[in-house]
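Here are some notes to read next to the model.

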Amino acid sequence: METSMEFQLRRARKRLIEEREGSILVCTHVDTDGITSRVILEELFRRLEIEGEFKFLKQLNMETLEEISFKDYNLVIFADLGSGQMDLIREKIEECNLEGSRDHGVIVLDHHLPAPCKVPENVIHVNPWNDNLDGGREICGAGVAYKFAKLCNPENTDLAKYAILGAVGDIQNLEGSFRGMNREILEDAKVRGDVIEFPDLQFYGKHTRPIFVSMRYFTDVRTDLMNNDSRILNFIKMVNKKYNLEIDPREPICNLSQGEKSALGSEFLSRCNRYVPLPWVKYLPKVIFGMSYEFRGEMVMTPLRNLEEFSTCINACSRYGDYKTPLEVLKGDRGKYYRRMFYMLNKHKRNLFKALKYIRDRVEIVQREKFQYFEIERGKVEEGIVGIVAGMSYSIEEVDWKKPVFALKERNDGYKVSARCPKLLTFAQDINLADVVSYASRKVGGVGGGHKFACGAYIPSKEDFIKYIENRL
Ligand SMILES: [Mn+2]
């Protein structure tokens with residue numbers, strides 16, 4: 001039987017072709033998944049010789065929806081956003097009197113949990129959750145956009161690589177590898193020769209950092225090796241001796257052989273064993289071993305080869321409001337924008353370093369039974385990187401690595417909140433931070449949501465918010 005997604009995708013294709021001469025607006029989100037969604041749709045439009053106007057939306061809410069003049073477009077497409085705001089879209093359509101209009105349509109290509117509401121007749125809603133598929137793991141926004149592009153022309157499989165990058169950006173491979181529709185998309189990218197997949201260690205910076213630096217910042221398990229270079233060097237020496245290897249700690253992980261990787265990994269696994277509560281032990285392999293995804297066309301030992309690192313490069317621009325640079329690099333620029341991306345990457349790293357030092361030296365970590373939080377003063381950490389900093393705060397001694405962490409950043413009209421959860425905790429206790437945060441923020445008149453292990457919110461005040469978090473966790 002045909003799935004809802006297949007059916008809606010076919011409706012979407014029909015609608016797009018009908019409106020090809022009309023005015024079309026495409027709105028996408030601004031994270032890696034949003035930007036890759038945009039690249040896919042821009043390329044699809046170019047190939048179909050359809051003109052479209054493209055727009056980035058940091059957030060979809062009543063205000064930003066108000067800025068879109070639906071009356072002026074025959075078709076408005078939302079990608080990597082829209083499902084969670086279906087109630088607002090519906091309101092807007094009714095307000096503009098466009099309900100059931102034949103000349104004004106909306107297509108939503110998304111993977112976020114849909115808001116519970118009736119979808120208006122002239123809205124085509126493509127979302128994996130409508131088939132009871134987990135949109136957090138099975139397919140990302142760029143994946144849905146890719147499915148659409150592939151339906152329009154089966155030869156569009158060269159766009160699959162962008163969907164895989166989007167999925168890595170949304171950490172859909174949290175458990176080590178892809179599954180569901182992501183696997184099918186990955187197959188397309190592999191057949192094209194664009195993406196390679198192979199077993200690897202789950203340390204960050206496999207092409208750009210010496211091994212000992214990658215190990216220094218590993219925070220998924222707190223061992224005596226974290227932030228301790230001399231212990232790491234001794235550890236590698238021990239592995240070399242025991243397995244008769246010559247691993248050079250100054251080499252990046254990408255230069256290790258599979259044998260060296262598995263020796264290092266299994267010794268690291270037994271080291272981690274000592275530090276983990278017994279019921280969590282069985283999840284350890286999943287945080288140490290996992291698949292690596294790489295762009296075969298990018299040079300090794302550069303930040304664009306490994307998709308996780310590529311996504312960092314995108315964040316290094318987009319989190320500071322620069323969406324054009326990653327967009328152009330993704331579309332193939334290797335000149336001006338490429339250079340700017342590296343400049344931004346270095347600045348981003350310095351910012352993160354500075355922010356982390358600030359949290360370590362100047363901020364109090366408030367411990368509660370089931371979570372912890374800290375507050376960032378005005379002017380201290382850029383809003384766009386608060387979430388990244390919250391995740392990195394697990395490298396600070398005072399932060400309990402067995403509990404979720406909430407970072408609150410003061411702003412003019414309240415607070416921006418970012419929440420992160422240790423990987424092992426998500427595996428062992430099936431914590432759903434997105435649910436907790438969206439509940440608590442709604443209770444205090446704010447908005448929030450995201451993924452199970454990483455999400456954010458905007459709230460007018462913090463005291464009650466923290467109370468609601470406490471009750472719901
Ligand atoms: Mn997404």
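1. A word on terms before the metal site: donors here are N, O and S atoms within 2.8 Å of the metal (3.2 Å for Na, K and Ca), and sites may look incomplete because water is not among the atoms. This is a predicted model, where local features need pLDDT of at least 70, side-chain atom pairs count only at pLDDT 80 or more, and totals for chains, interfaces and linings use all residues. Residues are numbered from 1 along each chain as its sequence is written, and side-chain values use heavy atoms, with hydrogens and water left out.

2. Which residues hold the manganese ion? Asp33 (OD), Asp80 (OD), His111 (NE2) and Asp170 (OD) coordinate the ion, at 2.1 to 2.3 Å. Along the sequence, the spacing of these donor residues reads D-x46-D-x30-H-x58-D. Helices (H or I, at least four residues) and strands (E, at least two) are DSSP runs, numbered from the N terminus.

3. On to the cavities: two of them reach 30 Å³ or more. A cavity is a set of points, on a 1 Å grid over the protein atoms alone, where a 1.4 Å probe fits but cannot get out; a pocket is an open set with protein on both sides within 12 Å along at least five of seven lines, and lining residues have an atom within 4 Å of a point. The largest cavity has a volume of about 40 Å³, and its lining includes Phe70, Tyr73 and His104.

4. The second largest cavity holds about 30 Å³. Its lining is seven nonpolar residues, with no polar and no charged ones, among them Phe371, Tyr373 and Phe465. Helix H18 supplies the largest share, three residues.

5. Finally, have a look at the second largest pocket, at about 320 Å³. Helix H1 (residues 4-18) gives the most to its lining, with four residues. Arg11, Lys14 and Glu121 are among the residues that line this pocket.

Methods
Points joined across faces, edges and corners; volume = space filled by probe spheres on them. Nonpolar A, V, L, I, M, F, W, Y, C, P; charged D, E, K, R; others polar.
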